Structures are given as structure tokens and as C-alpha cells.
Amino acid sequence: MATTASPAAPAARRPVNRATLYTFGAFGGILFGYDLGVIAGVLVLITKQWQLSAFQKGVITASLSVGAMLGAMLAGRLCNRIGRKRTIMLAAIVVVAGTLGCALAGSWTVMMVTRGVIGIGVGLSSATVPTYLAELAPARARGALGSLNQLFIVSGILIAFLVDYALSSHNNWKGMFLGALVPAGILLAGLLVLPETPRWLLSKGRDAEARTVLAAVRPAAGEAELDTELGEIRDIIRRDSQERGRIRDLWQPWVRPMVLVALILAIGQQFSGVNAINAYFPTMLKSLGFATRTALLSAVVLGVVKFLFTVWELFVVDRWGRRPLLMTGAAVMTVALFAAGLVIKNVHDKDTLGTLTLVFLILYLAGYELGWGATVWVMIGEIFPLRARAAGTGLATTVLWAATGLVTAVFPTMSAKNHLGIGGAMWVFAGINVLLLILARFYIPETKGRSLEQIERDLRHGEPAGADADDALEVPGEVGLIPES
């Protein structure tokens, strides 16, 4: 008997396994992290060559964040119009164009503009890759992607520090920039063979294609399971169109407390000083009298520490809870920054100064990655109610990028010898971390062990900030509370 080929027929499936999705999700995060970290080595080499002022260094560094804000704001509209896959491909192309522009730059103003172009691509990618992966991955794997994204970003920063060190002996800052072409090219090539998401295809009325893709990413699913999941996706699309959340939803009295929490998390993550350290650590060491190669090698050590403690955070975030990690991280960062400032102001032996500064900044980054790194991204994704989740996370992400730009723009001037100096700047960040410790203790709720629905119910009963960690409801078998879409 003749048979008719069907897009949903098992024989027609071309499986897309979880490892493939993770691999290309990794390159999206690595590209993000590389572009954040590479400027640390570039600045060390071009500062003297171009006679950069503190203001100019700050503007070059912050231009990535300004571009990323624009990219993140454009991402939602592009995702809906051209699809998740094409938006990420566009992001990779924009990064390639900006990277080539930076490598060819002959002045700080050109580098500022082209680095801003890279930022647009980074913003598009950082806002879209998690959505793309979440809509393709099996439900049981979606939670892991939320924290793994931070690990991928930290990996990109570490790779950037390694490339900076390897090329510094040749004064090859152009090659440092061009290194971003590798993850961008791999990401672009991978997306050529990966599918669009079923949810976007269904939203455009392309039901047959959506079924084929869903069958490919769920190779073990039967026809009934596929029908059920497609029905659920259609229902979500219908509800989204009928109850689309808007920015004004964030100002409802029962949601406003979570807006405050999200702003504390977003601003606090950056005002803790992390990207001042990431971007300017080698420059700081050079100003303290160290050779370029030694300063860049020290940055590699910091990158390794960031990676290791991010891995540790993945294992403890659902055991220790969010609030204890935030409090522990803020306490460790406070002590480390205060001690670093004390050393920089009072120790004059170069070897002792360098060793102690490195030790305390290693301790600082350990506290950051354990507390205010991945944990912030997890919480921003889970504290908003369903209707306001897209608007809330969008607002928090935009504010976070704005805070990143402000810190990286101001730090060179703030830490200059004729202003606060590096030691004084460390104390300013230490004071901010004391405030973050207090805010984490009294204003940030514990969400460990609570479903998204339980968190929303607490909001409606006016209990978001009063829910104590000890009162959190344990949900057997629940791995994390990262949003599933």
C-alpha cells in the first residue's frame, strides 16, 4: 500500500538534539562575553599609542553598553517580525561588521562608534538567544539554560583575556578585536542548519513547518504528544494576543514591589563594580607600575576564578537559595574591596602591592559570581507575574545595560590620581556593596522552591518582600525557577 510522506512522520524527522542547541547557545554567550572582556587588553595597548584621556577610555568602553541597550530594545520587535533565528543571524552579522570597523579604526572616535555597532549586535543576541533556546529545548532542560547562559558569558570573558595575553607581546590590538569573528562565524554557520522555533512559525500560520520542527526537536515524541504540545503553544499564542502585557502593567500596586526588586538587582549587579574590574583591571595594574604582560596575565587568573565560581553557583543556587547567595556575595565583595583599597593606598612595595591587590580582587570576583552574577539573571526572570513578565524583564535588562554604561564610563575619571584614585574607587564600591547587603536582607524575597504561580500568588496577597527563606515551599523534583518561555 502506498504511503504519503508527512512532515510529522518519524521517518521524515531530522533530529536536533539538546547538545546541538547547547553548543550554539554557548557561542551566543561566548560572543557576548568576548566583546565585553576584550577591551581590557585593547585599552592597555592603545592608551599610550593614542594618548587617551580618562574620559576617552571611559567613552570607548561604555559605547558597547549604549549599543547593547539599543539592540535589546529592538530585539523584541525584530523577533516577532523576522523570527528568532534570523534575529540572531542579524546580530552575528552586525557584530562582524562592528568588529571589522574596530580593527580598522584609526582614532578613538571611530572606535567608539564601531564598538557601539558591536554593542547593537550583542544586545540583539543577548535578548534573543535565551528565547530561541527556551522555545526549542525540552521543558525539563529549559531551567538549566538560564544559569548556563552566565557560564557561557564568563567563558567568553576568559577567552578574551587569554587572547589579549597571547597577542600583547606583538602589540596586536587589532587581532584582539578580530578574535570575535570566530564565535560570530560559528554561531552564524550553526544557525544556517538549525530551524526556526515552532512558536514563531505557528504565530505566522505556518503550521506544517511548526510540526516538522517540533518533531525534529522531540524525536522520541509520539503523534499524540506532538498534537498536545502544538495545541498548548497555540493556546499560549492566543492568550498572549488577547492579554499582551504592557509597560503600564508594571505600575499596578501589586506589581510595583517586584519592579523595585528588579531595579535593585539590575542596578546593584553593575554598581557592585564588576565591569569596572573586568574592563580596567590590566589598566589599573599598569598604573600601579606593572608590565603589560604581567597585568594581562593577572587578568587571565581573574577570568579563571570567574569561571570556576560561576560553575559552583550552578550547583548551589537551588540548594542555598537566592537571598543567602546575594547576601554572601555582597559581604565578600565588601571585605575584598575595602582591603584592596587599603592595600593600594598604604603599600608601596611593588611586588607586595601587586600580589595583595590580585588576591583581594580574586576574592571580590569569587563573591560576585557566587552572588550577584548568575543569581540576578535567574531572579529577574522569575519574580514578575506572567502578564508583566516580558515588560518587566525588558525594563530590568535595559536598566542593567544603562548601569553598565554608566559605571564603565565614569570609572577611569573616578579612579584617576587627581580624583579618588584606585584605592578610593575601591572604597566607593565597598560602600555600595554594604548597601546591597542591607537591601538583599530586607527587600529581596526568597524564591527558592516556589513555582512561578506561587510567586505570583504572593504578589497578589502583598507578600513579595516579606516571604522569608525559611518559609519557602519546597516543590519536589523542581530544579529551578527560570521562566520557560
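## Isoleucine 267 in helix α12

With a relative accessibility of 31%, isoleucine 267 counts as partly exposed, because partly exposed residues fall between the 20% limit for buried and the 50% limit for exposed. This residue belongs to helix α12, which covers residues 256–271. The model discussed here is a predicted one.

When residues up to four places away in sequence are not counted, isoleucine 267 touches Val399 and Ala403.

## Leucine 395 in helix α17

Leucine 395 is found in helix α17. Its relative accessibility of 26% places leucine 395 in the partly exposed class.

Which residues does leucine 395 contact, leaving aside its neighbours within four places in sequence? They are Leu250 and Val259. From C-alpha to C-alpha, leucine 395 and leucine 250 are 9.6 Å apart in space, while in sequence they are 145 residues apart.

## Overall composition and confidence

The protein contains 19 helices and 0 strands. Of its 485 residues, 55% count as buried. Among contacts between residues at least 6 apart in sequence, 83% join residues at least 24 apart.

The mean pLDDT of the protein is 78, and 79% of the residues reach 70 or more. Among the elements, the highest mean pLDDT, 92, belongs to helix α7 (residues 173–178), and the lowest, 59, to helix α19 (residues 452–460). Two stretches deserve a separate mention. Over residues 1–13 the pLDDT stays under 50, and the model has 15 contacts for this stretch beyond four places in sequence. Residues 464–485 also have a pLDDT below 50, with 56 contacts in the model beyond near neighbours in sequence.

Helix α2, spanning residues 39–50, is mostly covered, with 10 of its 12 residues buried. Among these buried residues are Val42, Ile46 and Trp50. Glutamine 51 follows α2 and has a positive phi, near 55 degrees.

The largest nonpolar core has 113 residues, of which Met111, Leu265, Leu361, Trp372 and Met426 touch the most other members. Helix α16 (residues 350–382) provides the largest share of this core, 10 residues. What does methionine 111 touch, not counting residues up to four places away in sequence? Its contacts are Val42, Ile46, Trp50, Ile60, Cys102, Ala105, Trp173 and Phe177. Three residues in that list, Trp50, Trp173 and Phe177, also form one aromatic cluster.

## Aromatic pairs

The count of aromatic pairs comes to 7. One of them joins tyrosine 280 and phenylalanine 411, which are stacked, with 5.5 Å from centre to centre and 25 degrees between the planes. Tyrosine 280 lies in helix α13 (residues 274–287) and phenylalanine 411 in helix α17 (residues 389–414), so this pair ties together parts that are 131 residues apart in sequence. Tyrosine 280 is buried, at 3% relative accessibility, and phenylalanine 411 is buried as well, at 2%.

Phenylalanine 338 and tryptophan 427 form another stacked aromatic pair, 5.8 Å centre to centre, with 20 degrees between the planes. Because phenylalanine 338 lies in helix α15 (residues 322–346) and tryptophan 427 in helix α18 (residues 421–442), the pair ties together parts that are 89 residues apart in sequence.

## Cysteines

A disulfide is a covalent bond between the sulfur atoms of two cysteines. How many disulfides does a search of the whole structure find? The search finds 0.

Two cysteines may be described individually. Cysteine 79 counts as buried, with a relative accessibility of 7%. Cysteine 102 is buried too, with a relative accessible area of 0%, and is one of the residues touched by methionine 111.

Notes. Residues are numbered from 1 along each chain as its sequence is written. This is a predicted model: local features need pLDDT of at least 70, side-chain atom pairs count only at pLDDT 80 or more; totals for chains, interfaces and linings use all residues. Side-chain values use heavy atoms; hydrogens and water are left out. Rings of Phe, Tyr and Trp (its six-membered ring) pair if their centres lie within 6.5 Å; planes under 30 degrees apart count as stacked, over 60 as edge-to-face and the rest as tilted. Helices (H or I, at least four residues) and strands (E, at least two) are DSSP runs, numbered from the N terminus. Buried means under 20% relative accessible area, exposed over 50%, partly exposed in between (1.4 Å probe, protein chains only). A disulfide is a pair of cysteine sulfur atoms within 2.5 Å. A nonpolar core is a set of buried Ala, Val, Leu, Ile, Met, Phe, Trp, Tyr and Cys residues joined through side-chain atoms within 4.5 Å. Contact means heavy atoms within 4.5 Å. pLDDT is the predictor's confidence in each residue, from 0 to 100.
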